[in-house]
Amino acid sequence: MSDTTQTGPIDMGSSAGNGKGDKPGPMLAADGRPLKRSLNRALRRQKLRALALIAPLLIFVLLTFIAPIADMLFRSVENDIVSNTLPSTTEALEGWDHTTGEAPSEAVFEDFYFDLFLASEAKEHTKLGTRLNYEKTGVSSMFRSTGRGLDDIGDDYLDQLEVIDKRWGDGAFWYALMSGTGTPAPEVVKARRKVLTRMSGDVLTGDVGFAPSNAIATLLPTTVRAYSDFAVYTALVDGKDVAKRDPWESVYVGLILDLNKADVSGYTGPEADALKAVKAALPEIKQVSLQSFFQSEDKDWVDPSVWATIQTYSPKYTSGYFLNAIDMQLTPDGIQMRPENEQIYIMLFKRTLFMSMMIMGSCILLGYPVAWLLANLPSKSANLLMILVLLPFWTSLLVRTSAWKVMLQQQGVINDVLVWLGLVSDGDRLVMINNQFGTIVAMTHILLPFMILPLYSVMQTIPPTYLRAAKSLGATNWTAFWRVYFPQSIPGIGAGSILVFILSIGYYITPEIVGGTTGTFISNRIAYHISSSLNWGLGAALGAILLACVLILYWAYDRIVGIDNVKLG
Amino acid sequence: MTLTVSQPKPVSFAAGVVAAFGAFFGLFIGTSQGSGLIGILGGAILMGALAFAAVTFLRDQEKLAKWGFFVLFIAVGYLLSGIPGGVMGALMGYFFGHITFWLASGRYRMSVPPYATPGQVLWHYAFRTIAGAILVFLITPILVVMPLSFNAENFFTFTPEMLNFDPAGYSLRHYRDFFTNSDWQQALWNSVRIAPVATLLSVSFGTLAAIGLSQPHVPFRQTIMAILISPMIVPLIISAAGMYFFYSRIGLQGTYLGVVLAHAALGIPFVIITVTATLVGFDRSLVRAAANMGANPLTTFFRIQMPLILPGVISGALFAFITSFDEVVVVLFVGSAGQKTLPWQMFIGLREQISPTILAVATILVVVSIALLTTVEMLRRRSERMRGISQS
């Protein structure tokens with residue numbers, strides 16, 4: 001009975017008394033509103049109050065738990081490192097077709113040089129190398145060694161420039177040249193600032209203190225871009241004054257590249273004479289194409305398959321991690337299986353499933369008799385035995401795992417007893433740990449209470465008279481059990497099995513300690529990728545697959561048992 | 001009422017069964033001495049004859065005969081292999097004395113229906129033996145850890161001194177190590193610093209939400225419930241990975257606050273489950289009665305509802321506390337060296353530097369968990385009594 005309905009009969013009485021003979025109006029609540037509306041309002045208020053009580057926790061769980069899970073799922077497809085580190089290169093590569101079997105054009109190498117120069121100054125190029133190395137072995141070392149040699153070509157150019165005019169090696173001279181006069185073009189600096197922010201992932205604050213003039217930005221675009229990179233990095237990351245620092249070597253390379261195309265005869269800005277002098281002396285300057293420069297750093301830079309890999313992984317989102325997680329691989333020619341000797345994840349998933357099934361099976365086998373005994377004993381002795389079941393349930397997981405390590409190892413308690421009994425000779429003690437056997441035994445022990453408790457609660461509801469009735473009707477012991485008792489206990493088996501399976505499929509600690517190399521689960525591999533190999537994307541993809549399996553099982557559990565019926569202790 | 005009969009059984013029956021047991025134990029003693037077959041035969045003949053003599057001559061003086069078995073076995077055991085042999089002998093003497101007269105007097109049929117066939121009786125006891133063995137499997141690891149933690153040596157196994165009950169084989173050095181080693185003390189302190197705060201967070205949010213969830217009209221109840229229970233269902237390694245990624249994005253990775261928040265999230269499902277279960281039996285008219293008498297919602301909550309659901313709240317809190325206190329996967333990822341908790345230290349100990357101090361810590365933790373288990377059980381009984389569900 002809800003309290004709001006209490007007003008109903010009173011209103012009914014009054015309206016019946018007033019409106020004798022009239023058509024009865026809507027029922028009214030005590031305050032004169034229609035009863036229906038009043039009830040609705042009360043219901044709405046009740047709902048709101050309930051939600052207000054739940055809201056803090058819901059927000060808390062969403063922030064501390066659901067958001068991390070969502071973040072992990074996002075990481076498993078996120079792939080913006082390539083396009084963030086090499087923004088111009090990936091853009092330039094779009095038109096390139098890897099099937100021609102030729103390396104990309106000189107223009108791509110030019111963009112690549114300036115992208116890589118900034119990345120190596122910001123120390124981001126090794127991260128990119130590591131990322132691409134997951135897809136193509138050897139790329140990591142190419143990025144690392146080439147990153148060290150990027151200065152050489154610029155230094156060569158600087159030496160030759162200084163022969164023409166000593167001032168080219170001077171920071172203040174460069175600052176004056178690049179700043180120019182007339183309308184400034186700050187958007188170049190702004191764009192480079194954005195590139196650096198994306199690449200490093202840091203928030204850059206402060207003022208760069210440099211803006212090229214419009215005239216110089218149109219005349220020497222590559223130089224201005226390289227100088228802006230230098231200015232942004234020097235001012236915002238190093239915190240130094242741009243005007244007083246010598247520019248990066250990439251700026252000299254940019255200058256030579258620009259002067260090859262630009263016509264400086266009409267330029268009147270500061271230091272225009274120096275520019276013109278270099279332009280005039282250009283034929284005497286020894287120039288190297290960037291393609292041959294990269295080739296000299298590492299001959300694999302002209303290998304089209306390296307560029308094809310960069311091209312394949314340049315989109316912001318990729319299915320590559322998921323494909324890796326199921327032993328496939330995203331190649332420039334489409335999706336392919338990995339080579340036989342690199343396929344481990346399908347095997348690991350299979351092993352995880354197999355061992356979880358074994359653990360579930362042994363839990364059923366061991367749990368059923370105990371649950372039966374508990375359900376059929378008088379409550380006093382059943383309670384006593386229940387303590388034996390609950391004590392391990394309440395004991396720290398690490399305590400139980402360490403106990404199994406003590407019991408199972410070669411100098412452990414079980415082997416000692418077997419040797420003492422003479423069943424095993426001292427020389428060949430059984431190997432029961434660091435393999436699948438150890439994991440299955442230890443985890444069966446750890447998860448057994450999760451099987452016994454639901455089984456017990458179901459068996460308690462089966463009247464023992466049914467068995468007796470079956471027997472008195474002539475059934476043998478076995479028939480009576482198999483045809484009468486067992487079918488009624490199946491819900492308990494189902495609930496316990498799903499619970500044990502869900503718990504075991506994602507177990508980490510116990511396999512890590514007693515599993516060795518053959519008894520580990522997929523979760524150990526996830527942990528390895530997150531803390532040791534640092535291939536977070538692959539770890540996240542493996543986690544996402546595991547999560548999907550668990551959620552399906554959870555859904556099944558909800559349908560069969562209902563999450564509201566989960567009982568503890 | 002079950003009708004039970006117990007009538008004395010012939011000597012041959014008791015002696016035969018006892019001989020079978022004798023053969024069984026003889027097998028082990030035989031193999032440890034070199035020959036299993038002689039052990040089986042010797043055990044069977046010896047025990048059969050002993051049981052035959054005892055039942056024939058001392059059927060009416062049961063107590064005397066049992067003591068006789070007991071003393072005889074202790075003496076034989078002690079002469080054969082000193083104190084451990086004596087202890088083994090005492091156990092076996094008690095077992096054989098008891099079982100001989102239990103069989104001979106027919107008392108073994110007391111717990112089965114009188115119409116049961118011998119086969120059914122045999123199955124009845126075989127089944128109990130199997131179930132007993134499984135219960136032993138459940139409890140042995142814990143029982144083995146406790147005595148080993150008093151080991152005087154740095155071994156993970158029983159030394160000959162321990163088996164001889166030589167006081168020199170036992171010591172408290174691993175406990176001393178635990179209480180003096182700064183690593184362990186720091187870990188204990190971290191655990192004590194993290195678990196209560198996480199518990200407090202999950203209990204205060206969880207209780208409020210459980211009360212909200214148990215109102216009659218809650219929109220999206222199923223979905224909300226699924227979200228709130230999910231930290232218990234999602235494998236810990238996935239929670240840990242997700243939290244590691246996300247918390248490092250927002251700068252919580254490796255901080256005390258990060259670990260506390262993570263543990264609070266993991267403890268919430270337990271609070272929700274226990275408190276909603278308690279609220280199922282809660283009589284809502286009590287709240288209305290209080291409101292009717294002029295109490296505001298806050299007073300009603302603290303004076304009426306809270307005391308009644310307190311047992312559920314406390315057992316939920318204990319679950320949350322244990323979750324945080326026992327948790328190692330998430331703290332491994334979310335925490336840094338500064339948040340090294342007790343389970344983390346144990347995990348390191350098990351993986352890298354094997355030290356029996358772990359066993360001492362394990363024993364302490366078992367004792368603590370027994371204390372908690374008792375508390376929860378008492379609270380559950382109290383709660384049932386208060387709600388009038390209890391049958392007693």
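At what angle do the axes of helix α2 of chain A and helix α9 of chain B cross, and how close do they come? The two axes cross at roughly 90° and come within 7 Å. Axes are lines fitted to C-alpha atoms, for helices over the stretch in contact, and angles run from 0 to 180 degrees between N-to-C directions.

The model is predicted: local features need pLDDT of at least 70, side-chain atom pairs count only at pLDDT 80 or more, and totals for chains, interfaces and linings use all residues. Residues are numbered from 1 along each chain as its sequence is written, chains are lettered from A and ligands numbered from 1 in the order in which they are written, and side-chain values use heavy atoms, with hydrogens and water left out.

Contact means heavy atoms within 4.5 Å. On α2(A), the contact residues include A:L63, A:F65, A:I69, A:M72 and A:R75. Among their counterparts on α9(B) are B:I238, B:M243, B:F245, B:Y247 and B:R249. By class, this contact has 13 nonpolar, three polar and three charged residues. Ala, Val, Leu, Ile, Met, Phe, Trp, Tyr, Cys and Pro count as nonpolar, Asp, Glu, Lys and Arg as charged, and the others, Gly among them, as polar.

A further pair links the chains. Helix α19 (residues 397–408) of chain A packs against helix α14 (residues 342–351) of chain B at about 15°, with the axes 10 Å apart. That angle makes α19(A) roughly parallel to α14(B). A:L398, A:V399, A:S402 and A:K405 meet B:P343, B:M346, B:F347 and B:L350.

Within chain A, helix α5 (residues 106–121) and helix α11 (residues 221–238) pack at about 10°, their axes 11 Å apart. They are therefore roughly parallel to each other. Helix α5(A) contributes A:D111, A:F114, A:D115, A:L118 and A:E121, while α11(A) contributes A:T222, A:R225, A:A226, A:D229 and A:Y233. This contact divides into four nonpolar, one polar and five charged residues.

Chain A also holds a strand pair (pairing requires at least two DSSP bridges). Strands β1 (residues 328–331) and β2 (residues 334–337) run antiparallel and are joined by four bridges. A hairpin of two residues connects them. A:T331 is the bridge partner of A:G334, and A:M328 stands opposite A:M337.

Notes
Angles under 35 degrees count as roughly parallel, over 145 as roughly antiparallel, 65 to 115 as roughly perpendicular and the rest as oblique.
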